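Open the model in your viewer and keep the sequence panel beside it. The stops below say what to select next and what is there.

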Amino acid sequence: MTPTRSLLAGALSLAALPALAHTGHNDTFNLLSGMAHPVGGLDHLLAMVAVGLWAAAHQGKVRLAAPATFVLAMLGGCLLGAAGMDLPAVEPGIALSVLVLGLMVAAGSRVPASIGLPLIAAFALVHGHAHGAEAPAGSLAGYMAGFVLATAALHAAGLLAGHTLLARASLWARATGAAIAASGAWLLAGSL
């Protein structure tokens with residue numbers, strides 16, 4: 001099975017699972033629950049892998065700047081959410097992030113860092129807000145550490161997959177981006 005088919009099969013299999021990332025279903029917030037949050041919902045998983053895939057299409061500092069930007073903005077969003085500050089349209093914003101990040105992956109290096117990094121930061125802010133809005137203040141540190149570790153691992157998986165796809169042919173990377181964007185459109189339609 002090609003890397004693209006493996007990635008797509010994994011993403012589609014997750015679509016059959018309930019999106020548990022935003023339901024407040026877990027009363028225990030610690031390192032493990034923080035690690036589970038980004039992989040518990042298709043929206044988070046696809047967006048975070050897409051950041052790594054997009055970064056793989058670039059050279060130099062952007063490869064690390066994209067994941068670092070996401071993680072830092074996500075932490076800021078988490079603190080806003082944990083403090084009870086509202087952001088408008090968080091769920092549609094997260095779905096939109098999957099769509100736009102998928103399109104960025106499909107476009108590859110044609111999306112310059114001057115456009116991609118601010119988009120990544122804005123989308124990470126809403127992802128982080130969703131994480132923080134569910135966390136009780138007393139156990140925020142362990143929970144944050146967990147979702148930072150999981151997010152970094154998903155970014156790394158995206159970078160690795162991106163290098164593999166680009167080494168074979170950029171068509172595979174564009175097709176993967178298109179599949180992520182289509183998933184984002186589906187998620188967006190369901191969130192409105």
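Contact here means heavy atoms within 4.5 Å. Helices (H or I, at least four residues) and strands (E, at least two) are DSSP runs, numbered from the N terminus. This is a predicted model, in which local features need pLDDT of at least 70 and side-chain atom pairs count only at pLDDT 80 or more, while totals for chains, interfaces and linings use all residues. Residues are numbered from 1 along each chain as its sequence is written, and side-chain values use heavy atoms, with hydrogens and water left out.

**Whole chain**

Start with a cartoon view. The chain has eight helices and zero strands, so the pattern along the sequence is α-α-α-α-α-α-α-α. Buried means under 20% relative accessible area, exposed over 50%, and partly exposed in between (1.4 Å probe, protein chains only). Of the 192 residues in the chain, 45% are buried. Among contacts with a separation of 6 or more, 83% join residues 24 or more positions apart.

**Helix α4**

Select 62-82, which is α4. The expected span of a helix is 1.5 Å times one less than its number of residues. For the 21 residues of α4 that gives 30 Å, and the end C-alpha atoms are 30 Å apart, which agrees. Now show side chains for V62, A66, P67, F70, V71, A73, M74, G77, C78 and G81: these residues of α4 are buried. What covers the buried residues of α4? The cover includes α3, α6 and α7.

Move on to the loop between α4 and α5, where A83 is found. A83 counts as exposed because its relative accessibility is 56%. Draw a C-alpha distance from A83 to A133: the two are 7.8 Å apart in space and 50 residues apart in sequence. G84, which follows α4, has a positive phi, near 85°.

**Helix α6**

Select 113-133 for α6. At 1.5 Å a residue, the 21 residues of α6 should span 30 Å, and the end C-alpha atoms of α6 are 29 Å apart, which agrees. Buried residues of α6 include G116, L117, I120, F123, A124 and V126. The run from H127 to G132 also belongs to the buried set, as H127, G128, H129, A130, H131 and G132. The buried residues of α6 pack against α2 (31-39), α3, α4, α5 and α7.

H129 lies in helix α6 and counts as buried because its relative accessibility is 6%. Which residues does H129 touch, not counting residues up to four places away in sequence? They are G77, C78, L80, G81, M85, D86, L87 and V90. A130, also in helix α6, counts as buried at 5% relative accessibility. Its C-alpha atom is separated by 9.6 Å from that of L80, 50 residues away along the chain.

**The largest nonpolar core**

A nonpolar core is a set of buried Ala, Val, Leu, Ile, Met, Phe, Trp, Tyr and Cys residues joined through side-chain atoms within 4.5 Å. Select L53, W54, A66, F70, L101, M104 and I120, which touch the most other members of the 45-residue largest nonpolar core. At least two residues of this core come from each of α3, α4, α5 (90-107), α6, α7 and α8 (170-191). The largest share, twelve residues, comes from α3. In soluble globular proteins, nonpolar side chains tend to be buried together.

Center on I120. Leaving aside neighbours within four places in sequence, I120 is in contact with V51, W54, A66, T69, F70, L101 and M104.

**The cavity**

A cavity is a set of points on a 1 Å grid over the protein atoms alone where a 1.4 Å probe fits but cannot get out, and lining residues have an atom within 4 Å of a point. Grid points are joined across faces, edges and corners, and a volume is the space filled by probe spheres set on the points. The structure holds one cavity of 30 Å³ or more, and the volume of the largest cavity is about 40 Å³. Select its lining: L53, W54, A57, V105, G108, G162, L166 and A173. At least two lining residues come from each of α3 (42-56) and α7 (140-168). 

**Last stop: S183**

S183 is found in helix α8. S183 is buried, with a relative accessible area of 17%. Leaving aside neighbours within four places in sequence, S183 is in contact with L46 and V98.

Definitions and conventions
1 Å grid on protein atoms, 1.4 Å probe; cavity = no way out; pocket = protein on both sides within 12 Å on 5 of 7 lines; lining within 4 Å.
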